[in-house]
Amino acid sequence: MSKRRTWVFLFVVVYGLLLCSSWNFLQKILVWYNSNTSSAKSTGWPALYASVLLGVVFGVLSMIAALAVAIPAMLVTWITVLVLLTFCGKPRKALVLEGRKITADITGFAIKILLKEGNIVAAVCAVVGYVLLVRTTAQNG
């Protein structure tokens with residue numbers, strides 16, 4: 001197998017395992033929620049707790065998916081900048097120092113974006129999950 005096919009295969013396997021385990025976790029959250037709402041009068045706290053957990057799961061999944069896209073983009077950006085610096089006539093020692101600074105800047109910037117977008121997805125999923133859980137409880141109860 002070529003390197004590209006190997007990486008694609010590993011990505012598919014790891015992401016498939018992650019989706020499978022997160023799907024099981026989501027099912028456990030919903031089973032827990034259904035058992036708590038059917039056994040006693042709920043005040044909305046089980047729906048809030050379950051929706052926050054759902055939001056966290058979807059937020060983490062979105063960050064992992066974004067990371068899978070961001071890593072190749074970061075590498076291309078890093079290589080492009082280093083090649084441009086080389087063409088500008090930078091000496092090797094200066095290029096190494098600039099490369100370290102560029103790597104730190106690109107990595108920090110990417111992590112900030114991943115965390116911001118993951119938190120946004122988590123918040124949206126938590127709100128939507130809360131509304132849906134409360135609505136289904138009101139319709140069934």
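This is a predicted model: local features need pLDDT of at least 70, side-chain atom pairs count only at pLDDT 80 or more; totals for chains, interfaces and linings use all residues.
Residues are numbered from 1 along each chain as its sequence is written, and side-chain values use heavy atoms, leaving out hydrogens and water.

Helices are DSSP runs (H or I, at least four residues), numbered from the N terminus. Trp45 is found in helix α2. Trp45 is exposed, at a relative accessible area of 61%; exposed means over 50%, buried under 20%, and partly exposed in between, with a 1.4 Å probe and protein chains only. Val96 belongs to helix α3 and counts as partly exposed, at 44% relative accessibility. The C-alpha atoms of Val96 and Leu82 are separated by 9.1 Å, and these residues are 14 apart along the chain.

The largest pocket holds about 280 Å³ of space. Among its ten lining residues, Phe11, Leu67, Ala68, Ile71 and Pro72 are the closest to its centre. A pocket is an open set of points on a 1 Å grid over the protein atoms alone, where a 1.4 Å probe fits, with protein on both sides within 12 Å along at least five of seven lines; lining residues have an atom within 4 Å of a point. The volume is the space filled by probe spheres set on the points, which are joined across faces, edges and corners. Helix α2 gives the largest share of this lining, six residues.

Notes:
Helices (H or I, at least four residues) and strands (E, at least two) are DSSP runs, numbered from the N terminus.
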